[in-house]
Amino acid sequence: MNLKQGNVRLVSQGLLLLTATLQADCARSFFARVPVVLMTAETRDHVDAKTKHKRKSSDSGQKFWDRMAEGYSKQPIKDVPSYEKKLEVTRRYLRPDMKLVEIGCGTGGTSILHAPYVESVHATDISANMIEIARKKAEEEGVENVTFERASVEELSQERESVDAVLALSVLHVLEDREGAIRKVHRMLKPEGLFVTSTVCASDMGATTKFFVNSFFRAGQFFGLLPKFCAFTKTELEDSFKKNGFDIEYEWRPSADKAAFIVAKKRD
């Protein structure tokens, strides 16, 4: 086994162990593309450099999850009671006439489970292989009101105020631009639309979690094998929602070392 293969195996095992530790439902990565409009040459050069960095990170994340897709699809849910509670709480807010978008749908399991409760689901993921598996699942289960698309957050093309609810489980902590993603979701939601998230707030967690974030994730990022992982507190996350036009409707966290589940409503 050569050095590169060894590095891939190391960070792959580390990510799987971290995912199990955090009890994450579907850790995903999406990355922003910075628009270049009416700026000075100096500013343009700065943004171009930043954009190239983000695209490199996005490519690394996409390639990683493409490699992991088949094995990921066979992994059992680590914390079934928490997952089922999140499903149940989410369904309290769903209606048969709703249009739902899921960001970071993985292999489509959650989108398929929510499909009977809404008019339609448009599920997206950065990994083409994840999307291929999701489409096969939906076809096998006879679910016809779910569509799947390989897309990052910035590639989403929903019109302004065209969506009733957006779902993002284990997404915000692996985004390059969390604030930008929240603003984008705000724009696509109808008035009083819902943003349902489950987010790892690593800065609130214990030493074990911080060790994996600081070692395996950073090693993977250094070798260009893993996407960015952002550590922040639940308070910081809630502040991001509030300052970008959302009110917190519901918040639940089974313990300090688990993801924070939040239902936020678009403010009038």
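Two strands are taken to pair if DSSP finds at least two bridges between them. By this criterion, in the predicted model, seven strands form an open sheet of mixed pairing, in the order S3-S2-S1-S4-S5-S7-S6. Strand S3 (146-150) and strand S6 (246-252) stand at the edges; each has a single partner strand, so one side of each is left without a neighbour in the sheet. From one strand to the next, the twist averages 20°.

Helix H3 (residues 80-93) lies across strand S5 (189-199), S6 and S7, and runs at about 140° to S6. Helix H6 (residues 178-188) lies across strand S1 (99-103), strand S4 (163-169), S5, S6 and S7. The angle between H6 and S5 is about 145°.

A further helix, H8, spans residues 234-243 and includes Lys 234. The relative accessibility of Lys 234 is 17%, and this residue therefore counts as buried, the cut-off being under 20%. When neighbours within four places in sequence are left aside, Lys 234 is in contact with Cys 201, Asp 204, Glu 251, Arg 253 and Ala 260.

Conventions:
Residues are numbered from 1 along each chain as its sequence is written. This is a predicted model: local features need pLDDT of at least 70, side-chain atom pairs count only at pLDDT 80 or more; totals for chains, interfaces and linings use all residues. Side-chain values use heavy atoms; hydrogens and water are left out. Helices (H or I, at least four residues) and strands (E, at least two) are DSSP runs, numbered from the N terminus. Buried means under 20% relative accessible area, exposed over 50%, partly exposed in between (1.4 Å probe, protein chains only). Contact means heavy atoms within 4.5 Å. Axes are lines fitted to C-alpha atoms, for helices over the stretch in contact, and angles run from 0 to 180 degrees between N-to-C directions.
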